[in-house]
Amino acid sequence: MADPAAKRGPGGAVGDELAQKVKKAKTDDEKDGGEAESDNVLFGFKTCSVLSDSSREKNIFIHGKLADQDAVVIMEKTPIREDVLAEIFSDSSLKLEMRNDIYSTYRLQAPSHLNEIKTTVVCPATEKHVKKYQRQESFLVEETGKDYQSITLPYIQEQCFSVQWVYNILEKKAEAERIIYEDQDPKVGFVLLPDFKWDQKQIDDLYLIAIVHQRDIRSVRDLTSEHIALLQNIFQKGKDAILQRYNLPASQLRVYLHYQPSYYHLHVHFTKLSYQAPGCGVERAHLLADVIQNLQSDSDYYKNRTLYFPLRKDDGLLSKFKEAGRL
């Protein structure tokens, strides 16, 4: 389950506090004769361990210390965009590695401004953040409606997962400049903004999130026919906003909800259909169009339906299912 803190960069009050601590660390180092690089929030980061990495997805997750606080740093190579190809071909340096008949391979060093590494910082990071990014086995859980009431819901309530960062967005206390569309209606309204996984430099991996204004809907399990108007509003206006802003038609969008969700405040994912976004597999994603139709057929569909979802080995909810003899 993704953690909200990992979805948002170190902005707002937390980011300001971190920046101040890093500045102090820089000043102390400079007094000791060291050199510090300006505006580098990762200055002085000390690596504790590599939590996981993927050569296929070209990313790495690192646990370490930043300004005496636990931190998780996520680094990933940015995609190669079509609009910079000419510059890459003309301004890069090439070093031959191998040539055989018609085949040759090179080490290409692109201009520095085209060789970025997208970096997300979670600080201060909790033990939950560290475990979240650690490579672990996953297990498919079968949750009946009764399981939700007796196992999952008490666990959610006991953990008191904070969604204050969501309220900050809805109240324009954070990320207001990133919102690309808003319907302010308290019942059917929502805000639409880019997900942190999308760098907004190309449409191929478009990823946006619609966050509802209502604050009493945790997940699909809370949805009834009373929420159909809300879901239809998100579905239609979200697609319209994406068409207007990015010229991407609805036929090229995947619109879905997660269960289990990454945070317990109802939100809807909008991704480009050709982009294999994390969590878009059948074991976790529920198409919004299907959710609407199911609720039209049965108001209590998601209260009673058996749902399946993956949980990591160290997830506390998985332990609860094991204790109840459901796994």
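In which strand does glutamate 143 lie? I found glutamate 143 in strand β7, residues 138–143. Strands here are DSSP runs of E of at least two residues, and helices are runs of H or I of at least four, both numbered from the N terminus.

**Ground rules.** I note that this is a predicted model, in which local features need pLDDT of at least 70 and side-chain atom pairs count only at pLDDT 80 or more, while totals for chains, interfaces and linings use all residues. Residues are numbered from 1 along each chain as its sequence is written, and side-chain values use heavy atoms, with hydrogens and water left out.

**Glutamate 143.** Is glutamate 143 buried or exposed? I have glutamate 143 as buried because its relative accessibility is 0%. The cut-offs are under 20% relative accessible area for buried, over 50% for exposed, and partly exposed in between (1.4 Å probe, protein chains only). I then listed its contacts, meaning heavy atoms within 4.5 Å. Not counting residues up to four places away in sequence, glutamate 143 touches Tyr148, Thr152, Arg221, Tyr259, Gln260, Arg305, Thr306, Leu307, Phe309 and Phe321.

**Cis bonds.** One of the partners of glutamate 143, Gln260, turned up again here. Tyrosine 259 and glutamine 260 are joined by a cis peptide bond with omega about -5°. Glutamine 260 sits in the loop between β11 (253–258) and β12 (267–272). I also noted a cis peptide bond between cysteine 123 and proline 124, with omega about 0°. Proline 124 is in the loop between β6 (117–122) and α4 (127–132).

**Positive phi.** I looked for positive phi in residues other than glycine. Aspartate 68 has phi near 65° and lies in the loop between β2 (59–66) and β3 (69–77). Aspartate 68 counts as exposed because its relative accessibility is 78%. Asparagine 247 has phi near 55° and lies in the loop between α7 and β11. At 64% relative accessibility, asparagine 247 also counts as exposed.

**Whole chain.** I counted ten helices and 14 strands in the chain. Of its 327 residues, 44% count as buried. Among contacts between residues at least 6 apart in sequence, 64% join residues at least 24 apart. The chain exposes about 17,900 Å², of which carbon and sulfur atoms supply 48%. Accessible areas come from the Shrake-Rupley method with a 1.4 Å probe; for residues, only the protein chains shown count as cover.

**Core.** A nonpolar core is a set of buried Ala, Val, Leu, Ile, Met, Phe, Trp, Tyr and Cys residues joined through side-chain atoms within 4.5 Å. Which residues have the most contacts inside the largest nonpolar core? I have Leu192, Leu208, Ile211, Ile242 and Phe270, in a core of 62 residues. Helix α7 (residues 228–246) gives the most to this core, with seven residues. A second, separate core has eight residues, including Leu51, Phe61, Ile74 and Val122.

Leaving aside neighbours within four places in sequence, leucine 192 is in contact with residues including Ile180, Tyr181, Leu208, Ile242 and Phe270. Isoleucine 242 is in helix α7 and is buried, at 0% relative accessibility. Leaving aside the residues within four places, isoleucine 242 contacts Leu192, Leu206, Leu208, Asn247, Leu248, Leu253 and Phe270. The C-alpha atoms of isoleucine 242 and leucine 253, eleven residues apart along the chain, are separated by 9.3 Å.

**Leucine 288.** Leucine 288 is in helix α8 (residues 288–297) and is buried, with a relative accessible area of 0%. Beyond four places in sequence, leucine 288 touches Leu231, Phe235, Val255, Tyr256, Leu257 and Val268. Its C-alpha atom and that of tyrosine 256, 32 residues apart along the chain, are separated by 4.7 Å.

**Cavity.** How many cavities of 30 Å³ or more are there? I have one. A cavity is a set of points on a 1 Å grid over the protein atoms alone where a 1.4 Å probe fits but cannot get out; lining residues have an atom within 4 Å of a point. The largest cavity holds about 40 Å³ of space; grid points are joined across faces, edges and corners, and the volume is the space filled by probe spheres set on them. Its lining is Arg218, Ser219, Val220, Leu257, His258, Pro261, Leu266 and His267. Leu257 is also a contact of leucine 288.

Key: 1 Å grid on protein atoms, 1.4 Å probe; cavity = no way out; pocket = protein on both sides within 12 Å on 5 of 7 lines; lining within 4 Å.
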